[in-house]
Amino acid sequence: MRGQSLHRLFVVVSIAAVALALAAVTPADGANPQGVHLTFSGTESQDDFCGTGKTVNDSFAIHLNVWNAPNQPSDLRNQSESKVVFTNPANGATVIVHSAYSFSDTLISGDPSGINVHEWVFKGNAELIRAADGGVLGHDRGNLVVDVTWNGPEFSGEFIGVEIVSDRGAHTLLGSDCNVMVPALGLT
């Protein structure tokens with residue numbers, strides 16, 4: 001899969017994994033999940049936005065609540081909200097991407113140090129893409145289940161692939177939001 005949405009998906013999930021590692025407390029069995037609240041914001045430039053060879057600037061703000069594994073059916077669970085504003089510096093065109101969803105991550109097979117598969121479940125507003133005037137360019141929402149295969153530890157091992165297990169709600173932008181954003185930013 002290619003596209004900025006999969007990249008952002010890995011960024012948000014990676015932040016959640018880092019947050020979990022930083023907040024790791026080893027509670028007794030049967031204890032309540034330990035929670036952490038994180039806020040990230042910043043700006044960056046992407047020199048080859050969606051493979052166009054053109055630069056796009058973005059600013060982002062991410063709010064994340066993360067819970068670790070005790071007393072819950074998943075290894076990691078979070079609720080997140082993010083807003084990313086993409087701007088083409090050549091013409092000033094802007095696209096705004098908003099996300100607000102619950103996420104869970106469960107190791108479903110394999111050796112965490114070898115080939116392993118994690119099931120990721122997203123519930124909510126995965127991605128709402130709007131033009132600067134507020135017009136909707138694309139919208140992924142509902143429940144999405146994907147199996148992600150790694151060779152080695154999740155996020156630090158080699159990413160092998162992703163398979164959509166269930167899509168209830170129309171996630172047509174997953175891996176293809178560049179098809180919407182490139183023309184809206186005037187990069188065609």
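A polar contact is a pair of N or O atoms within 3.5 Å, where one must be able to donate a hydrogen and the other to accept it. Keep that cut-off in mind for the first view of this predicted model.

**View 1. Asn125 and the polar contact with His139.** Here the side chain of Asn125 reaches the side chain of His139 in a polar contact of 2.7 Å. Asn125 belongs to strand S5, which covers residues 115–131. Is this residue buried or exposed? With a relative accessible area of 16%, Asn125 is buried, because the limit for buried is under 20%. Leaving aside residues up to four places away in sequence, Asn125 touches His98, Ser99, Ala100 and Tyr101, and also His139, Asp140 and Arg141.

**View 2. The whole chain, for orientation.** Let's step back for a moment. The protein chain has 2 helices and 7 strands, and from the N terminus on their order is α-β-β-β-β-β-β-β-α. Of its 188 residues, 40% count as buried. Among contacts between residues at least 6 apart in sequence, 58% join residues at least 24 apart. The accessible surface comes to about 9200 Å², and carbon and sulfur atoms account for 53% of that area.

**View 3. The disulfide between Cys50 and Cys178.** The count for the model is 1 disulfide, and this close-up shows the bond, with Cys50 joined to Cys178 at an S to S distance of 2.0 Å. Which parts of the chain does the pair tie together? Cys50 sits in the loop between strand S1 (35–46) and strand S2 (56–68), while Cys178 is in helix H2 (residues 178–184), so the link ties together parts 128 residues apart in sequence.

View 4. In soluble globular proteins, nonpolar side chains tend to be buried together. The largest nonpolar core in this model has 14 residues, of which Phe49, Phe86, Met181 and Leu185 touch the most other members. Strand S3 (76–87), strand S4 (94–110) and H2 each supply at least two residues of this core. H2 gives the largest share, 3 residues. Another core of 12 residues lies apart from it, with Leu38, Trp120, Val148 and Trp150 among its members.

**View 5. A tilted pair, Phe103 and Phe122.** A pair of aromatic rings is described by the distance of the centres and the angle of the planes. The model has 8 aromatic pairs by count. In the pair shown here, the rings of Phe103 and Phe122 are 5.0 Å apart centre to centre with 45° between the planes, a tilted arrangement. Phe103 lies in strand S4 and Phe122 in strand S5, so the pair ties together parts that are 19 residues apart in sequence. Phe103 counts as buried at 2% relative accessibility, and Phe122 is buried with a relative accessible area of 4%.

View 6. How are the rings of Trp150 and Phe155 placed? Their centres are 5.4 Å apart and their planes stand at 55°, so this pair is tilted. Trp150 counts as buried at 4% relative accessibility, whereas Phe155 is partly exposed, with a relative accessible area of 23%.

How values were computed: Residues numbered from 1 in each chain as written. Predicted model: local features only at pLDDT ≥ 70, side-chain atom pairs only at ≥ 80, totals over all residues. Heavy atoms only, no water. Helix = DSSP H or I, 4+ residues; strand = E, 2+ residues; numbered from the N terminus. Buried < 20%, exposed > 50% of the residue type's maximum accessible area, 1.4 Å probe, protein only. Contact = heavy atoms within 4.5 Å. Areas by Shrake-Rupley, 256 points an atom, 1.4 Å probe, with all protein chains shown as cover. Disulfide = S-S within 2.5 Å. Core = buried A, V, L, I, M, F, W, Y, C linked by side-chain atoms within 4.5 Å. Phe/Tyr/Trp six-rings, centres within 6.5 Å; stacked < 30°, edge-to-face > 60°.
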